[in-house]
Amino acid sequence: MAGAVEIKTASPKVTRRNFDPTAVVPEPLPPVVTAANGEDAGVDKLDKKSREIVLGKNVHTTCFAVTEPEANDEFTGDKEAYMAGVLARYRKSLMERTKHHLGYPYNLDFDYGALAQLQHFSINNLGDPFIESNYGVHSRQFEVGVLDWFARLWEIEKNDYWGYITNCGTEGNLHGILVGEVFPDGILYASRESHYSVFKAARMYRMECVKVDTLISGEIDCADFRAKLLANKSKPAIINVNIGTTVKGAVDDLDLVIQTLEGCGFSRDRFYIHCDGALFGLMMPFVKRAPKVSFKKPIGSVSVSGHKFVGCPMPCGVQITRMEHVNALSSNVEYLASRDATIMGSRNGHAPIFLWYTLNRKGYNGFAKEVQKCLRNAHYLKDQLRAAGIGAMLNELSSTVVFERPRDEDFVRRWQLACEGNIAHVVVMPSVSIEKLDVFLNELVKNRSTWYQEKQPPCIAADIGKENCACPLHK
């Protein structure tokens with residue numbers, strides 16, 4: 001084809017004759033970004049005041065090229081054999097990477113074999129989920145069933161809410177904050193440890209954004225929040241409340257946020273609260289003595305991810321808001337014979353079916369059991385780390401265990417740990433067993449004994465508090 005560019009791959013050509021579906025192509029680790037002086041800028045420099053970001057690998061080095069079939073391929077079948085080999089090796093790689101996954105909040109324990117029969121259909125829920133479009137291959141009946149389930153969870157009546165199933169957690173935040181623009185001159189307040197999508201929303205919507213300090217736990221500092229509210233008292237407030245921060249799993253005190261707003265003279269018609277519950281928004285309702293996220297409180301919207309605690313094989317999420325707010329945003333679209341009130345136009349119609357299937361199989365009792373399992377295993381990991389002399393922190397209501405960042409990037413990538421500065425974390429999900437944690441702990445302790453033969457472990461008291469640090473100064 002004229003103008004076509006073939007991207008080369010290092011993999012040898014696979015034909016029917018040399019096809020080995022069990023072979024695994026090793027993936028090289030990326031080079032560590034170097035500092036301006038040419039030194040290694042990775043974790044070996046933990047004691048430096050600043051560190052360059054260690055970027056992931058350039059996928060162009062390992063991508064699978066798209067090539068044109070040979071003229072006689074219809075007879076030889078070489079192309080089919082090549083693609084079968086690529087997919088078989090990729091599947092084996094996925095199995096290996098899943099076995100060593102700990103750092104990101106994805107529940108990898110699911111079985112949707114019963115839904116394979118639906119993969120032959122192009123299911124698209126374009127437009128408003130409550131208004132059927134002219135496009136008939138949709139799954140709105142599943143989507144609204146899922147939305148009703150979450151509406152009950154967050155205590156809002158069917159006639160009072162509106163929502164939809166998003167393509168990811170970020171879209172939920174983008175929509176929640178967009179709805180907050182019922183106050184066009186409002187200021188967006190978000191803690192410094194909020195998800196990056198919140199600040200992305202501020203840039204996209206060109207909103208004035210004020211970052212609020214956090215406590216050592218990662219929770220919003222309401223004393224700083226109060227000071228910043230009072231400095232901008234003439235403008236309405238749009239607030240992002242974290243139901244589990246990205247790195248430390250901290251839960252902002254929703255009741256205290258509301259008290260702070262009202263104490264600063266903000267009446268309920270002058271503030272809007274979006275709750276980012278990407279992971280813990282679905283866990284907290286099943287934790288005893290946990291504060292409630294409820295529409296009986298003066299909140300405007302809640303969003304959660306569907307591919308995290310629920311365990312959906314494709315990214316998706318749920319966004320719920322008040323009907324009164326979304327009516328101001330929406331507009332009718334004749335082309336769709338529906339209403340435009342979502343961020344995206346076309347929406348994955350398979351995701352609602354996957355969510356509906358899991359919610360029906362597990363129910364409230366099933367999720368409650370999984371939440372308790374995650375919290376128990378998280379406490380086990382934290383206790384074992386501390387027993388091994390490794391600084392670690394676990395927030396109340398959280399299954400995110402924060403500890404000192406491993407010094408070896410190979411180790412970080414093997415276990416797919418999420419790192420920030422001097423700390424890393426493990427998010428204990430339903431798919432994370434005690435046996436898996438023991439393998440990780442044994443490898444960490446063994447490697448750590450070589451990392452610190454000639455120097456002391458770093459102090460991470462500034463990140464997780466003196467009481468959680470295990471450096472020589474704070475033991």
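How many nonpolar, polar and charged residues does the lining of the second largest pocket have? The lining has six nonpolar, five polar and six charged residues; Ala, Val, Leu, Ile, Met, Phe, Trp, Tyr, Cys and Pro count as nonpolar, Asp, Glu, Lys and Arg as charged, and the others, Gly among them, as polar.

The structure is a predicted model, in which local features need pLDDT of at least 70 and side-chain atom pairs count only at pLDDT 80 or more, while totals for chains, interfaces and linings use all residues. Residues are numbered from 1 along each chain as its sequence is written, and side-chain values use heavy atoms, with hydrogens and water left out.

**The chain as a whole**

Twelve helices and 13 strands form the secondary structure of the chain; these are DSSP runs numbered from the N terminus, with helices (H or I) of at least four residues and strands (E) of at least two. Of the 475 residues in the chain, 52% are buried, where buried means under 20% relative accessible area, exposed over 50%, and partly exposed in between (1.4 Å probe, protein chains only). Among contacts with a separation of 6 or more, 70% join residues 24 or more positions apart; a contact means heavy atoms within 4.5 Å.

**The second largest pocket**

This pocket holds about 410 Å³ of space. Val287, Arg289, Glu396, Leu397 and Ser398 are the closest to its centre of the 17 residues that line it. On a 1 Å grid over the protein atoms alone, a pocket is an open set of points where a 1.4 Å probe fits, with protein on both sides within 12 Å along at least five of seven lines, and lining residues have an atom within 4 Å of a point. Grid points are joined across faces, edges and corners, and the volume is the space filled by probe spheres set on the points. Domain 1 (118-361) and domain 2 (372-468) each give at least three residues to the lining; their bounds come from an automatic or database domain assignment.

Leu397 is in the loop between β10 (392-394) and β11 (400-404). Although not a glycine, Leu397 has a positive phi of about 75 degrees. Gln416, in the loop between α10 (409-414) and β12 (418-420), also has a positive phi, near 50 degrees.

**The nonpolar cores**

The largest nonpolar core has 91 residues, and Phe150, Ile239, Leu261, Ile273, Phe403 and Phe440 have the most contacts inside it. Helix α9 (residues 350-387) gives the most to this core, with 13 residues. Both domain 1 (118-361) and domain 2 (372-468) supply at least three residues to this core. A nonpolar core is a set of buried Ala, Val, Leu, Ile, Met, Phe, Trp, Tyr and Cys residues joined through side-chain atoms within 4.5 Å. Leaving aside neighbours within four places in sequence, the contacts of Ile273 include Ile239, Val241, Leu254 and Leu261.

| Residue | Relative accessibility |
|---|---|
| Leu282 | 1% |
| Glu370 | 17% |
| Leu397 | 18% |

Leu282 lies in the loop between β5 (271-276) and β6 (301-305). Not counting residues up to four places away in sequence, Leu282 touches Trp149, Phe150, Leu153, Gly277, Val304, Phe309, Val310 and Phe367. Glu370 belongs to helix α9 and, with the residues up to four places away in sequence left out, touches Asn107, Phe309, Lys362 and Pro430.
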